[in-house]
Structure formats: structure tokens, C-alpha cells
Amino acid sequence: MTRYLLQRIGFMLITLFIIVTATFFLMQLLPGTPFTNPEKLTDSQLAILNAKYGLDQPVAMQYIQYIGNLLQGDLGYSFQHEGRTVTSMISDRIGPSAFIGLQALVFGAVVGLLLGIVSALKHNSILDYGSVTLAVLGMSIPSFVFAALLQYYVGVKLGWLPVALWEGYSSTLLPSIALSVTVTATVARFIRSEMLEVIGQDYIITARAKGLKENQVMVKHVIRNALIPVVTMLGPLAVSIMTGTLVIEKIFAVPGLGEQFTLSILVLDYSVIMGITIFYSALFIFVVFVVDIIYSLLDPRINYKGGAA
Amino acid sequence: MTNTILTVEDLHVAFKTQHGKLTAVRGVNFELKKGETLAIVGESGSGKSVTAKSIMQLLPKATTEVTKGDIHYNGESLLKMSKNQITDLRGSEISMVFQDPMTSLNPTMKVGKQIMEGVQRHENLTKAQARERALDMLKLVGIPQAESRLDNYPHQFSGGMRQRVVIALALACNPKVLIADEPTTALDVTIQAQILELMKDLQKKTETAIILITHDLGVVANMADRVAVMYGGKIVEQGTLDEIFYNPQHPYTLGLLRSMPKLNEDRGQPLMPIAGSPPNLATLGEGCAFAARCPHTMTVCHTYTPRDTVTETGHSVACWLQDSRVAKEADKAELVESGNSSTE
């Protein structure tokens with residue numbers, strides 16, 4: 001197990017390194033530099049700024065310097081906000097994003113599981129068709145469309161919840177719901193098909209032949225076994241939520257990390273772009289890693305001790 | 001007869017398909033006596049498993065239906081029982097062992113727990129007592145180091161060991177009837193022999209009646225007291241082991257016995273298969289289901305379904321050749337000849 005873990009962590013670091021490198025050079029391909037856009041700067045002012053932030057160096061040198069700092073855990077200073085470290089900008093903004101994201105994940109998982117389980121239990125009934133239709137809609141319509149619909153109907157027409165901005169708990173609901181739609185749909189479809197597959201397995205007949213009551217069979221044998229593969233979905237779902245927040249935070253004017261990210265790309269705040277990219281990637285790689293570990297704990301057939309893993 | 005524990009009467013089971021009802025079991029009759037082993041033999045699709053599952057009522061309600069007939073357990077109709085009564089019987093009075101031990105255990109539950117679940121469902125035992133019972137059962141079916149094996153998962157067992165676990169699970173509550181649906185088909189030959197030996201052994205200890213479903217006549221010869229031969233959803237011949245093996249009356253039984261390769265035959269002897277293929281149940285109408293493949297057909301075989309002809313010993317055959325109303329006129333010489341040659 002230790003060997004496996006070390007190996008995995010090694011691969012995670014390599015993955016992260018590749019992401020950092022690729023992003024760094026891709027970012028340099030964007031037209032302009034952080035200081036070309038808004039202010040009317042004289043050439044000498046520009047030269048001073050470039051020198052201060054190391055932009056007068058060749059790109060290769062900048063890269064080596066950046067990696068050197070990164071290895072010491074230093075994400076550098078913002079190019080646009082005088083004197084602010086990237087680390088502090090991320091930690092200031094992560095709260096709302098994490099809250100909306102986690103809330104969406106919980107909404108999505110709970111509603112999705114309920115829909116999917118009911119669907120499978122009442123297979124081929126009107127309930128089943130209804131929730132399958134909902135799931136297909138949820139998967140095929142992008143979350144920003146739902147965001148706009150929610151803003152218009154729930155926010156403006158009915159006036160139940162705030163349309164945008166970040167003012168207390170009620171403001172978190174619409175963005176979370178908009179974000180959770182994809183999660184709900186994916187989880188519902190997945191658990192439904194998993195359950196239908198498990199119901200057809202021989203060991204379910206064995207469980208019934210033991211004389212177990214139908215609800216015991218469903219809870220202990222069907223749902224439990226069907227839930228295990230659903231855990232693997234959590235990784236991709238976490239990603240869909242992370243990428244979803246970029247747009248959703250913009251639409252609902254949530255002061256989150258996603259909003260900061262889009263903003264920093266627009267103004268070419270190099271160090272912030274890098275910092276947030278690294279943060280998102282590291283988070284994602286970590287989530288996938290954790291999901292794999294959880295999977296091995298849930299499914300006794302999966303064992304990372306052997307060299308085969 | 002007080003000795004009879006299970007009676008199946010004129011059982012008809014139909015599958016609901018998109019093209020209407022398809023009757024897979026078309027009038028099955030048999031009795032099971034306490035402590036005996038009844039083998040049900042037949043080729044794939046003859047309705048063996050469907051019959052077995054309808055006794056336990058394990059067929060999916062949405063797609064199957066018992067259209068006619070009844071099943072009595074200790075004089076009570078299983079088909080008229082409530083769902084709760086049936087689940088109370090399952091595992092405690094009537095148990096089942098399935099074909100494939102690789103898939104018939106829950107892969108994510110420890111085997112001890114899987115045995116305990118059934119025990120705790122039917123008997124008022126504490127967890128510790130149930131665990132004790134599970135341990136005893138594993139020892140009984142000959143699993144080495146049973147103590148530590150209780151906490152293993154099914155994938156940590158070999159196929160033969162898993163089938164032992166399945167048998168332990170089925171017998172944990174001391175059922176009166178064990179239905180074994182091809183219990184050795186998925187196992188290799190040496191393991192098959194061990195499992196059959198185990199079942200025979202346990203039957204002596206527990207006096208459980210066994211319905212053994214198989215298509216392997218070797219297994220039948222080894223295990224059964226009585227044999228029922230199924231074809232096209234019906235039992236075409238039923239009798240004691242000796243009657244079926246040494247005095248088969250139905251051309252299909254005869255064909256089955258002849259098609260078995262024999263060790264003492266000369267090498268190079270061609271096998272004697274039954275010509276043709278099993279009937280399509282959807283298009284099967286009146287007449288004998290075997291008529292299309294039977295070497296001894298008469299006109300009557302195609303138009304009327306044969307009734308059971310029963311001898312004093314209880315050997316019954318559903319074949320016009322044995323029916324007294326036909327036998328007078330028909331020329332039996334051919335069958336008598338071929339029958340003799342195979343049973344010498």
C-alpha cells in the first residue's frame with residue numbers, strides 16, 4: 001500500500017509539473033503583457049515595471065525563476081494589485097466558491113440519488129420515465145442556461161431568492177442549484193443504471209432465496225453495491241463543478257475564485273492565472289486520488305497492495 | 001400421502017413477451033418425498049430452472065406468471081400464500097443452490113455475514129449465536145480454517161469453495177427441501193465430484209429432500225433416487241433411477257441415454273445424437289413436443305398431446321407409444337427392438 005501511495009503521489013507531482021509548464025507557456029502566447037492594456041504608460045515607466053516584475057528577462061529565464069519560487073511554495077505577487085500575494089488572493093476568494101461548490105455537490109448527490117433510486121425501484125413506470133427525461137434534460141442543457149432561467153423566474157418573476165450578489169445565505173441558493181443540475185442528472189442516470197444491473201445479478205436472487213424481505217434486499221444488497229461505482233463519478237463531477245463555477249460566479253456576481261480567475265485572464269495577471277490554475281489542478285488531482293482510495297475501501301475486490309495496481 | 005413434502009400439479013408458467021405470452025412450463029407434475037433426491041433432467045430451455053424458481057417464487061413478477069396449476073408444500077398452496085408467508089419459507093423451509101458460485105454470492109459482503117443474514121432473518125438469534133452457526137456451517141461443508149474464512153470476501157475463495165459456501169448458506173436454517181439448480185455445472189470435474197459427495201453426505205445428516213436440476217446424466221446416476229425427464233416444458237418420463245436408466249420408455253429418454261459417450265465402447269464409434277433441435281415454445285401447439293425429432297412418430301403424435309401412462313411402480317411416461325388406446329393398433333415392433341438393443 002505504501003509503495004502504491006508513493007507511486008501515485010509521484011505521478012501526481014509529475015502531472016502537476018506538466019500542467020504548470022504548459023500553462024506558463026500558453027499564457028505567454030496571449031497577445032500583450034500585463035502592462036500594455038489600460039493605463040497610458042510611457043516607455044520608460046513600462047521598462048521600470050517590466051524590470052520590477054522580471055518581464056524583461058527571456059521567457060525561459062522567467063520560467064526557471066517561477067519554478068524555483070514555486071518549489072519554495074511561493075506563488076509570487078499579483079501583477080495588477082500592488083503588493084498582494086497570489087496566495088492571499090486565493091485564500092480570500094476561496095470561501096464563496098467552496099461553499100457554492102460543496103452545496104451544489106450535496107444538492108446534486110442527494111437529489112440525484114433519490115431520483116435514480118426511485119427510478120430503478122419503479123422501473124418502467126411513469127416515475128421512471130419522468131426522472132429519466134429530467135436527467136437527460138439536465139445533462140444536455142448547460143448550467144448557465146439554467147442560471148439565466150432561475151434568475152428570471154425564481155429571482156425576478158417570483159422574487160423568492162436574490163437574483164445576484166453575495167448577501168447572506170439566500171444568495172448562495174440559486175448559484176448552487178444552477179451548478180447542481182449537471183450533478184443531479186449524472187448521478188441519477190448512473191445510480192439508476194447501476195441498480196438495474198445489480199438487480200439482475202445472481203446474488204440478488206440468492207439474497208431473496210435466503211428469505212430476506214424486499215427492502216432488506218434493496219438496501220443491503222442492491223443499493224450498497226450500486227453505490228460503489230457512483231463514487232468514481234465524484235471525481236469527474238467535482239471537475240464539472242469547478243469549471244462550472246467559472247461561469248456561474250460571473251452570472252451571479254459571486255465574489256469567488258472562479259470570478260477572480262476569469263478577471264485575471266482578462267487583464268493578463270500572469271501570476272494570478274498561474275496560481276489559480278495550479279490550485280484548481282492540484283485540487284482536481286487530489287480529488288481523483290482520494291476517490292481511488294475511497295473506492296478501494298468500499299470495494300473489497302480492489303486491492304492496491306499487489307504490484308498489479 | 002403424509003410422506004410427501006412438496007407437490008407440483010399441472011404447473012404452467014408463462015413469460016410475458018412483446019409477442020404475447022410464451023408458455024415455458026406446460027403442465028409439470030411431480031411429488032417430492034421427505035429425504036429423497038429427485039433429479040430433473042432436460043436440455044437447455046426445457047423449463048427445468050423455471051419450474052424450480054416458480055417453487056420458490058423467485059421469477060420476476062413483471063415478466064412471468066403462473067397461468068395454471070398449483071404447488072403444495074406440506075399440504076399448503078404456495079401460490080396462494082401472501083408475500084410475507086413466502087419470504088418466511090424461503091431459506092428456512094425451502095432453500096436453493098444456484099448454478100454459478102462465481103456470481104451467486106454478494107461480492108462486497110463477507111461470507112460469514114451472508115450466512116448470518118439468512119439465519120438472523122429466520123431464527124431469533126443474537127449476532128454472536130448467528131456467527132457461531134455460520135462457523136458451524138462452514139465447518140460442516142468442509143472449509144478449512146473456517147474461523148478465519150468467515151471474514152473473507154467471496155473473491156478470496158476458489159469456485160469449489162464458493163459453492164461450498166453457497167451450500168452452507170442454503171442449509172444454514174435446516175430446510176426441508178433443497179433445490180439445487182445445476183450446482184456443479186460451473187465447476188470442473190474433480191470439484192464436481194467433491195460437491196456432489198458433500199451434498200449426499202449432508203443429506204444423510206440433515207434428511208433434506210433435494211430437487212437436483214441438471215443436464216448431466218452422470219450426476220443423476222450418482223445422486224438421484226428418482227428421475228424426471230423434461231422436454232418442451234413438460235415432464236415426459238418419470239420413475240426411479242433404475243427404471244429410467246435401465247428401462248426407459250420415452251424415445252427422448254432413450255435418445256438422451258444413447259447420446260452419452262461410453263468409456264467401454266470401441267474407439268471411433270460415432271456418438272448418437274438426437275436429430276433436430278429443441279422446439280420453439282412460441283409455436284408449439286397440440287401434439288407431442290418431441291414429435292418433430294422422434295424416430296417413432298405416428299399420426300396421432302402430431303395432433304394430440306399424449307397423456308401420462310403410469311405403471312404400478314409409479315413409472316410414468318407421456319408417449320402415445322405407451323398409451324393403451326394406441327398400442328393395440330400401432331406396430332410396436334420397431335420400438336421394442338431399438339429399446340432392447342440399448343438396454344442390454
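Me: Where in chain B is confidence lowest, and where is it highest?
Reply: This is a predicted model, in which local features need a pLDDT of at least 70, side-chain atom pairs count only at pLDDT 80 or more, and totals for chains, interfaces and linings use all residues. Residues are numbered from 1 along each chain as its sequence is written, while chains are lettered from A and ligands numbered from 1 in the order in which they are written. In chain B, confidence is lowest in helix H13 (residues 333-343) of chain B, with a mean of 45, and highest in strand S3 (residues 37-41) of chain B, with 93. Here pLDDT is the predictor's confidence in each residue, from 0 to 100, and helices (H or I, at least four residues) and strands (E, at least two) are DSSP runs, numbered from the N terminus.

Me: Over which residues of chain B does pLDDT stay under 50?
Reply: That holds for residues 332-344 of chain B, for which the model has 11 contacts beyond four places in sequence; two residues are in contact if their C-beta atoms, placed from the backbone, lie within 7 Å.

Me: What are the averages for chain B and chain A?
Reply: Chain B has a mean pLDDT of 85, with 94% of its residues reaching 70 or more, and chain A averages 82, with 96% of the residues scoring at least 70. For the model, the ipTM is 0.81 and the pTM is 0.77.

Me: OK, how many residues of each chain are in contact with the other?
Reply: On the chain A side there are 19 residues, and they are in contact with 24 residues of chain B. H8 and helix H9 (214-251) of chain A each supply at least two residues of the side of chain A that touches chain B, and the largest share, 7 residues, comes from H8(A). By class, that side has 7 nonpolar, 5 polar and 7 charged residues, where Ala, Val, Leu, Ile, Met, Phe, Trp, Tyr, Cys and Pro count as nonpolar, Asp, Glu, Lys and Arg as charged, and the others, Gly among them, as polar.

Me: New topic: how many helices and strands does chain B have, and why is it called as compact as a globular protein of that length?
Reply: Chain B has 13 helices and 12 strands. Its radius of gyration is 21 Å, close to the 20 Å that the globule rule gives for 344 residues, so chain B is as compact as a globular protein of that length; the radius is taken over C-alpha atoms, and the rule is 2.2 Å times the number of residues to the power 0.38.

Me: Which strands form the open sheet in chain B?
Reply: The order is S2-S1-S4-S5 (chain B), 4 strands with antiparallel pairing, and the edge strands, each pairing on one side only, are strand S2 (20-33) and strand S5 (76-77) of chain B. Two strands pair if DSSP finds at least two bridges between them. Strand S1 (residues 4-17) of chain B and S2(B) pair over 11 bridges in the antiparallel sense, and Phe15(B) stands opposite Leu22(B) in S2(B).

Me: And what does S6(B) pair with?
Reply: S6(B) is joined by 4 bridges to strand S7 (residues 177-181) of chain B, and the two run parallel, with Ser95(B) opposite Leu178(B) in S7(B). A residue is buried if 20 or more other C-beta atoms lie within 10 Å of its own, exposed if 12 or fewer, and partly exposed in between, with C-beta atoms placed from the backbone.

Me: Is Asp10(B) buried or exposed?
Reply: Asp10(B), which is found in strand S1 of chain B, is exposed, with 11 other C-beta atoms within 10 Å. Asp10(B) also has a positive phi of about 45° although it is not a glycine.

Me: What about Gln57(B), where is that found?
Reply: Gln57(B) is found in the loop between helix H1 (48-56) and strand S4 (64-73) of chain B. Gln57(B) is buried, with 20 other C-beta atoms within 10 Å, and its phi is near 55°, a positive value in a residue other than glycine.
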